[in-house]
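Biologist: Before we start, please show the model. I would like to ask how its labels were reached.

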Amino acid sequence: MNVIQKKDIDYIRNELLENQYKGIIFFISDENYSKYAKPLVSSLNLFAENWLGIYIHIGKFKFNFSHKGKLIEIDIDVSSQENNGTELRTYCANVRAPVLYQLTTQLNLRKIVYTDIDNILIRDLNKLFK
């Protein structure tokens with residue numbers, strides 16, 4: 001099951017090759033939880049230097065926050081899940097495993113980290129991998 005479109009995987013792959021990021025850290029939310037993205041992205045800028053951030057939007061909305069560093073935003077259309085009665089919160093929680101599988105099988109990368117959107121980093125992410 002591919003959750004992320006091929007064009008987005010290709011874009012991520014190109015970013016990884018061009019910028020030689022140390023890894024990927026990704027997080028997922030619907031529009032209601034997007035308010036937590038700003039503190040998380042700010043902490044990534046401080047403690048995840050040279051990591052590629054991927055923010056997966058469940059539903060179509062824009063994250064309006066000026067940030068330094070590289071953050072790729074990907075929209076996932078969930079109209080079919082909403083029509084089946086699945087709540088967005090449940091979908092957000094359960095889609096991380098297929099996204100992780102897709103990133104690990106379609107990208108040549110050894111360091112991929114998922115975090116909940118309401119977290120912040122307080123230490124250098126690179127120290128986890130030493």
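Biologist: What is the bridge partner of Gly53 in E3?

Modeller: In E3, Gly53 has Leu71 as its bridge partner. This is a predicted model, in which local features need pLDDT of at least 70, side-chain atom pairs count only at pLDDT 80 or more, and totals for chains, interfaces and linings use all residues. Residues are numbered from 1 along each chain as its sequence is written, and side-chain values use heavy atoms, with hydrogens and water left out.

Biologist: What makes E2 and E3 a pair?

Modeller: Two strands pair if DSSP finds at least two bridges between them. E2 and strand E3 (residues 71-76) have 6 bridges, in the parallel sense, so they pair. Strand E1 (residues 23-29) is also parallel to E2, with 7 bridges; there, Ser29 stands opposite His57. Strands (E, at least two residues) and helices (H or I, at least four) are DSSP runs, numbered from the N terminus.

Biologist: Why is the pair of Trp51 and Phe129 called tilted?

Modeller: Rings of Phe, Tyr and Trp (its six-membered ring) pair if their centres lie within 6.5 Å; planes under 30 degrees apart count as stacked, over 60 as edge-to-face and the rest as tilted. The centres of Trp51 and Phe129 are 5.6 Å apart and the planes stand at 35°, so the pair is tilted.

Biologist: Is Trp51 buried or exposed, and what about Phe129?

Modeller: Buried means under 20% relative accessible area, exposed over 50%, partly exposed in between (1.4 Å probe, protein chains only). Trp51 has 5%, so Trp51 is buried. Phe129, with 35%, is partly exposed.
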